[in-house]
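Me: I'd like to learn how to read a model like this one, feature by feature. Can you walk me through it?

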Amino acid sequence: MLRKSYIEENIYHNIDILFEGVFYVQTPTSFDYGFELYKGDEADKEYITPFIGVNPYWQFNEVYIVKSKEREYFICAVRIFISKNDLPPGKTSILMTKE
C-alpha cells in the first residue's frame, strides 16, 4: 500500500493506494518528495519482464509506475484500488479483516 497525504483548506486528506495480486515491487521505503502514479504501457512491460523471473502473464496483470524525483519505480499487480478520504493521520479507508 502507498499513501499520499496533503492539507487543503485546513483539512487533512489521504489517498490510500492498494495494489492487489502483487508479484513484483521495485520501490524505496518512502517517497520524501511526493510521487506520481500511472499505468505502464507495452514498452514498460517489455522493459521490466526480464527482472521479474517468472512469466508475468500480461494478459491478466498490469505494470504500474511510481515516479519520484525524476526516477521511475515499478509495481506489477493484478489491479489497483485508490481511495480518497478525510481521515486523520495514521488511519486508512481500506478495511482489513483477520482470518
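This is a predicted model: local features need pLDDT of at least 70, side-chain atom pairs count only at pLDDT 80 or more; totals for chains, interfaces and linings use all residues.

Me: Is tryptophan 58 buried or exposed?

Reply: Tryptophan 58 is buried, because its relative accessible area is 18% and the cut-off for buried is under 20%. One of its contacts, lysine 45, is 13 residues away in sequence, with a C-alpha to C-alpha distance of 7.8 Å.

Me: Let me zoom out. Which helices and strands does the protein chain have?

Reply: The protein chain has 1 helix and 7 strands. Read from the N terminus, the order is β-β-β-β-α-β-β-β. Of the 99 residues, 29% are buried. The accessible surface is about 7100 Å², and carbon and sulfur atoms account for 52% of that.

Me: What share of the contacts joins residues at least 24 apart?

Reply: If you take contacts between residues at least 6 apart in sequence, 63% of them join residues at least 24 apart.

Me: Next, the helix. Which residues of α1 are buried?

Reply: Asp44, Lys45, Ile48 and Ile52 are the buried ones in α1. They lie on the same side of α1, because they cover an arc of only 95 degrees around the axis. Over on the other side of α1, you'll find Glu42, Ala43, Glu46 and Pro50 exposed.

Me: What do the buried residues of α1 pack against?

Reply: They pack against β3, β5 and β6. While you're looking at the helix, check both ends. At the start of α1, aspartate 41 brings a side-chain oxygen to within 3.1 Å of the backbone nitrogen of alanine 43. After α1 comes glycine 53, with a positive phi near 90 degrees.

Me: How should I read phi in residues other than glycine?

Reply: Tyrosine 57 is in the loop between α1 and β5, and at 43% relative accessibility it counts as partly exposed. Lysine 69 has a positive phi as well, near 55 degrees. Its place is the loop between β5 and β6, and lysine 69 is exposed, with a relative accessible area of 62%.

Me: On to nonpolar cores. What's the general idea?

Reply: In soluble globular proteins, nonpolar side chains tend to be buried together. In this model, the largest nonpolar core has 9 residues: Ile17, Phe19, Phe31, Phe35, Tyr64, Val66, Tyr73, Ile75 and Ala77. At least two residues of this core come from each of β2, β5 and β6. β6 gives the largest share, 3 residues. Apart from this core lies another one, of 8 residues, among them Tyr24, Ile52, Trp58 and Phe74. That brings us back to the tryptophan we began with.

Me: Tyr73 belongs to the largest core. Which residues is tyrosine 73 in contact with, leaving aside neighbours within four places in sequence?

Reply: Tyrosine 73 is in contact with Gln26, Thr27, Pro28, Phe31, Tyr64, Ile65, Val66 and Ser68. Tyr73 also forms one aromatic cluster with Phe31 and Phe35.

Me: And how do I describe a pair of aromatic rings?

Reply: You give two quantities, the distance of the centres and the angle of the planes. The structure holds 6 aromatic pairs. One of them is the tilted pair of tyrosine 47 and phenylalanine 74, with 5.5 Å from centre to centre and 35 degrees between the planes. This pair links distant parts of the chain: tyrosine 47 belongs to helix α1 and phenylalanine 74 to strand β6, 27 residues apart.

Me: How accessible is tyrosine 47, and is phenylalanine 74 buried or exposed?

Reply: Tyrosine 47 has 47% relative accessibility, so it counts as partly exposed. Phenylalanine 74 is buried, with a relative accessible area of 4%.

Methods
Residues are numbered from 1 along each chain as its sequence is written. Side-chain values use heavy atoms; hydrogens and water are left out. Rings of Phe, Tyr and Trp (its six-membered ring) pair if their centres lie within 6.5 Å; planes under 30 degrees apart count as stacked, over 60 as edge-to-face and the rest as tilted. Helices (H or I, at least four residues) and strands (E, at least two) are DSSP runs, numbered from the N terminus. Buried means under 20% relative accessible area, exposed over 50%, partly exposed in between (1.4 Å probe, protein chains only). Contact means heavy atoms within 4.5 Å. Accessible areas come from the Shrake-Rupley method with a 1.4 Å probe; for residues, only the protein chains shown count as cover. A nonpolar core is a set of buried Ala, Val, Leu, Ile, Met, Phe, Trp, Tyr and Cys residues joined through side-chain atoms within 4.5 Å. The arc is that of the directions from the helix axis to the C-beta atoms. A polar contact is a pair of N or O atoms within 3.5 Å; within protein, one must be able to donate a hydrogen and the other to accept it, and residues adjacent in sequence count only if both atoms are side-chain atoms.
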